[in-house]
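Colleague: I would like to learn how to read a few features of a protein model. Could we take them one at a time?

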Amino acid sequence: MKNIILIFIILIPFCSFSQVKVNGILKDETILVANATVVLSDQNNQIIKKMATGQDGSFEFVIPKGTYTLIINHSDYESFIKEFKIDENLQLSYIFLEKKATILGEVVIKSSGNLVKRKLDKTIFSVQNSPIASTGNAFDALKRTPGLILKNDQITMLGKSGVKVMVEGKMVQLSGEDLKNFLATLSATDIKEIEIIANPSSKYEAEGNSGIVNIIFKKSKKDSWSDNISLTHIQAKFGKQTLNNNFSYRKNKVNLTLSAGYEDGMTNKDQRLEISFKDEPLKLRTLQDFKDKVFSPRFLFDYDASKNTKIGMQYTGSFVKTNADDNSTTQIFNSNNEINGYLIGKGKFNSNKNNHLLNFFVENKLDTLGKKLVFNFDILRYNQDMSNYILSNRYDPNYNFSNIDFANDTHTNQSIINYNTKIDFDHPTKFANFQYGTKISFINTEYNTINYDLITGSPVFNPGLSDNFNYQENIQALYANGTKKINDKIQIQLGLRTEYTLTKGESKVLNQVNRNEYFKFFPTVFFSYQKNDDNMYVFNYGRRIERPNYSSLNPLRYFVNSKISSQGNPNLQPAYIDNFEFSHTYKNNLNSKLSFTAKTNAFGLIFDLDEATQEQLVIQDNFYNNYIYSLTENYQLALFSWWKTDNTLFFNYSVSKKTNPDVNAPVRNGLEFYGSINNVFTLDKAGKVLAEVNFWYDSPYNDNLYKYSQASSIDLAFTYKSLYRNLNLSAGVFDIFNSSSRRMSSEVNNVQQNYIAYPSNRYFRISLNYMFGNDKITSQKRSYGNEEERNRSN
């Protein structure tokens, strides 16, 4: 007996030495996969080990050396089966699972998943589970996305001054009305989800004073094809129609997507401005009718050249033709507040814009453990031709003609060409998962403006308002990112991005050349602590840069009428932003977030007023630092099986400090409160009729030089899925009380001014969508490399 015990003791070290460890993490393209069954069987198909993955998607086995088959099963994913010969510890890192085919209509109606999921560095909004978001266009979907809000007819992020928009991982170059028009041609029916990246990691370009949203489309599953067509009519004061079609095909080694959107119709905008000059205060009202025609094609082709290599190309284009009629009336008062006369103007604005982005890529998987190299080469071409005719006549208080006050005709061409090369490398190791890469970008922007004075009745060339402005920019970047799972509860991610920037702006008329050269570091930190299945804590920090838009650097003066004009500033310098966030998620339903943002050397608009000439000049300058403290609470709840609600409370305190004493305007600090309630109702037992009722309210608040009034909106919509499985009808009324517009007030040079605009925010929408072919949907992403430059082109 003693000998047996002795032999057993002697053999223990050898048995332990022959044991090896196998571990890995399961995930799909967006989330870690919990509760998957992981089975390890030997060569005789006998089960050796079996377990379920935890909330972090991980599994781990300790087994003898040998050859094994790893089998992974989950009700929502395709099975994963692979044989391994294991002679030493094996760190599989991420194993990517492919979602099973699901009927689109069933996903929308029967899915019990949350509308919102939160991950280490992003929040994911499921568009397909929202009747309002999934049946309009991409702009409508962004308005519905938690954490985003409509301010002055632009999408912004709570606590941020703007938002960057990506489509399938590539940054959309447009801004303002151009961005809105582009998003309106993308059907929300084709969108699977929207990623909200409030504090981007070092992998993303450092450009931007706000977060990023990424729109991800649905794609056909392997060995299938589908075609999705939708028709939408929007009725406000005028009507607008949108037709979208998306064709997808995947067979063997080929993946093909062809999509196009066309929009045709009219919108209107009512703008009102009051300037309290001491001697001659004035009130200006401008009514603008816009007729837009927008065509947006998209083409994607992927080919599996080998088992580990994929090559392809992608083209995205946008063609926008806009014609606008302006009718403006300016009431001019005397010091006794009596009408002293009128300026009545008529204007015509014509614009033709087109942008083309061609992307070539190679994706090479270097091994089965996740090593991957991705090469992207992008060519961006943007062109805009504009003409702006203005005629303004002066009348006395009895509307008797006095004289021609202002007559002007301006023709402008803007051209942008960008060449961009980007290389990204994913490198998982036993110690941590690393990502690193490089980017080189060359940009040339040219503005040609010719101005004619028409005051005499014949065109007279005006050299003072004509110019050729050329802007060149070269950005060279390197980044490294590492993610380390310390244990089952703690995960950290550290990143560093460096960017070297060279710029040159040259004005021919001013004979002025402005150069910039700077090298900057942009670190990022993410730390997550999964206390238990119900509680998760995340801290993150990131530093970013905000570069001026190309057009903001153009020193040419542009007139709206004789009293109002704008001018760029070639001396603008970048601003720098430091973001800190700490959040707690409880049961993936309640999310609390504290954040602090410091923005230094910030630049912004100044509505400069001249009491002597009674003129307003809109300029930009670096003149302040800004500090923002905010608290966000979001709660999702299924009150009943037929009623789900998503609620947000947001508190924000903004403090600005002037850094340029030459700006004669007081800064305004203060508190902002925002609240929203979004409800989804299932109205019948079959789940074919859904309704959504949304409400949001934003309190009055101060921001930098400006004071904003309160705003709110109520939206009602429903979706009906007909007996024909793939035919859907939706209808809704939005901003019912036309209360989403805000009044903006400021004081410059001791002159008070108020401004408010009423765009076509109140409207009725009806949409019909039909899908045929194989409607089994999955998601696949492709990204472009010039993510920053394309957003700054306007």
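**Strand pairing**

Modeller: Strand E30 (residues 557-559) and strand E31 (residues 564-567) pair in the antiparallel sense over three bridges. This is a predicted model, in which local features need pLDDT of at least 70, side-chain atom pairs count only at pLDDT 80 or more, and totals for chains, interfaces and linings use all residues. Residues are numbered from 1 along each chain as its sequence is written, and side-chain values use heavy atoms, with hydrogens and water left out.

Colleague: What are strands, and when do two of them pair?

Modeller: Strands (E, at least two residues) are DSSP runs, numbered from the N terminus. Two strands pair if DSSP finds at least two bridges between them. Here Tyr558 stands opposite Ser566 in E31.

Colleague: Which strand do three bridges join to E31 in a parallel run?

Modeller: That is strand E34 (residues 615-640). Ile564 stands opposite Gln616 in E34.

Colleague: Is Lys599 buried or exposed?

Modeller: Buried means under 20% relative accessible area, exposed over 50%, and partly exposed in between (1.4 Å probe, protein chains only). Lys599 has a relative accessible area of 8%, so this residue is buried. Lys599 lies in strand E33 (residues 590-610).

Colleague: And is Trp225 handled by that rule too?

Modeller: Trp225 is partly exposed because its relative accessible area is 38%. Trp225 lies in strand E16.

Colleague: With which side chain does the side chain of Lys599 make a polar contact?

Modeller: A polar contact is a pair of N or O atoms within 3.5 Å; within protein, one must be able to donate a hydrogen and the other to accept it, and residues adjacent in sequence count only if both atoms are side-chain atoms. For Lys599, the partner is the side chain of Glu546, at 3.0 Å.

Conventions: Helix = DSSP H or I, 4+ residues; strand = E, 2+ residues; numbered from the N terminus.
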